[in-house]
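Please read these points with the model open beside you. They go from strands to one residue, then to cores and confidence.

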Amino acid sequence: MFKKLTALLVLTILAVCALAACNESMPEIPDSGISVSGIVLCGGDPLPGAAVLVNGETSGAADVNGVFSLSGLEYGDIVAFELDGYTFSPSSHTVTGTVNDLTVLALKDGGTTGGEDPEEPDGPDLPDEPEEPDEPDLPDVPDLPDEPEEPDVPDPPDEPDLPDVPEPEALAAPHSFFAVYTESGIPAIGFSADARTEILTLIITLPSGETREAEAAARDGAFVFDGFTVAFEADLANDKLLVTLDVSEPVTLYGGFTLAAVSSAEGMTDGTSADFLSPFAAGAPEITGLTYADGILSWDAARLPDGCTFAVLANGVLVVETDSLSADISGVALPEGAAVRVAALLDGKPVAFSDALILN
């Protein structure tokens with residue numbers, strides 16, 4: 001009975017000591033953020049001084065008990081260890097959450113985990129290898145006669161210099177595309193071209209993806225396509241060719257489309273524009289149904305491009321501008337019998353006019 005009590009007491013003391021040693025060697029849990037802590041061991045003993053790196057930057061070192069602690073880490077950070085003469089397992093740790101018991105084993109270079117390498121026992125001396133017998137001297141080889149020298153080959157004559165061929169000059173690409181409605185309500189697209197342009201090519205891509213192409217002399221006045229015609233005017237101004245296209249036929253037939261223009265001239269490389277998307281819808285814009293009651297002028301509009309505003313004109317003079325389909329003109333002094341019209345404006349340019357309404 002006494003022996004059993006003694007053995008139980010000894011086991012209890014050993015367990016308490018082991019727990020104390022573990023608590024003494026393990027680091028405290030950091031207060032905030034993602035943290036990683038643990039101990040570095042070599043041959044079962046703590047290894048002090050090992051540098052602790054986070055994403056390749058030194059962030060601390062193991063203390064005299066081999067203990068390290070990092071805090072404020074982010075998900076995906078890489079923790080690694082470094083000390084001259086040692087390699088570590090694991091070689092690195094990827095942060096996915098807080099870890100407070102990471103054990104890192106250090107190995108001395110050469111594959112040992114600590115202590116001196118055992119010396120290999122000396123083997124028995126091996127007998128000396130017998131010496132090779134001397135080879136007999138070979139007779140001298142007589143000198144061979146000198147090879148005759150090759151006759152000098154004359155240098156080929158220099159190639160005559162060819163005259164420099166100038167690179168062809170490039171035409172400026174058509175640019176500065178814009179879209180407007182004329183005063184008569186015709187949809188038009190304009191652009192600027194190089195003044196030296198001799199031939200213009202117009203390429204139209206329809207909503208179906210089909211491409212149509214037509215060519216015209218720069219001042220012919222019309223591109224003839226399969227199924228429709230695009231008339232144009234070309235004027236020289238400020239060393240530029242200003243081209244205005246009447247696109248009423250393709251707008252009426254297809255609505256939206258994309259076009260590009262190519263300038264060509266003899267002895268020069270072509271200039272090709274970027275694609276320009278037509279903003280027009282099928283049919284001309286309209287302002288209709290102009291009425292006046294109790295000082296309020298009202299109207300309807302159809303097929304106007306986005307961004308239009310409205311100007312109320314009395315006898316041709318602007319009296320009100322609005323972005324709605326009505327205007328209060330009760331406070332405007334108008335002469336009796338004034339002719340009132342409404343104009344739709346796009347970037348300050350008229351794209352459609354209503355019929356005149358006579359105020360009595």
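1. Start with strand 16 (residues 229-237) and strand 17 (residues 240-246). Seven bridges join them, and they run antiparallel. Strands here are DSSP runs of type E with at least two residues, numbered from the N terminus. Two strands pair if DSSP finds at least two bridges between them. Ala 234 stands opposite Val 243 in strand 17.

2. A word on the source: this is a predicted model, where local features need pLDDT of at least 70 and side-chain atom pairs count only at pLDDT 80 or more, while totals for chains, interfaces and linings use all residues. Residues are numbered from 1 along each chain as its sequence is written, and side-chain values use heavy atoms, with hydrogens and water left out.

3. Look at Lys 240, in strand 17. Is Lys 240 buried, exposed or partly exposed? Its relative accessibility is 37%, so Lys 240 counts as partly exposed. The cut-offs, with a 1.4 Å probe and protein chains only, are under 20% relative accessible area for buried, over 50% for exposed, and partly exposed in between. Leaving aside neighbours within four places in sequence, Lys 240 is in contact with residues including His 175, Ala 195 and Asp 235. Contact means heavy atoms within 4.5 Å. Ala 195 lies 45 residues from Lys 240 along the chain, yet their C-alpha atoms are separated by 4.6 Å.

4. Next, the cores. A nonpolar core is a set of buried Ala, Val, Leu, Ile, Met, Phe, Trp, Tyr and Cys residues joined through side-chain atoms within 4.5 Å. The largest has 46 residues, and Phe 223 and Leu 245 have the most contacts inside it. Strand 27 (residues 339-346) gives the largest share of this core, four residues. A second, separate core of 19 residues includes Val 52 and Val 104.

5. Val 52 also stands opposite Gly 60 in strand 4. Strand 3 (residues 51-54) and strand 4 (residues 57-61) pair in the antiparallel sense over four bridges. Their hairpin has two residues between the strands, and Asn 55 takes a positive phi near 55 degrees.

6. Finally, confidence. The mean pLDDT (the predictor's confidence in each residue, from 0 to 100) is 83, and 84% of residues reach 70 or more. Over residues 1-25 the pLDDT is below 50. It also stays under 50 over residues 113-121.
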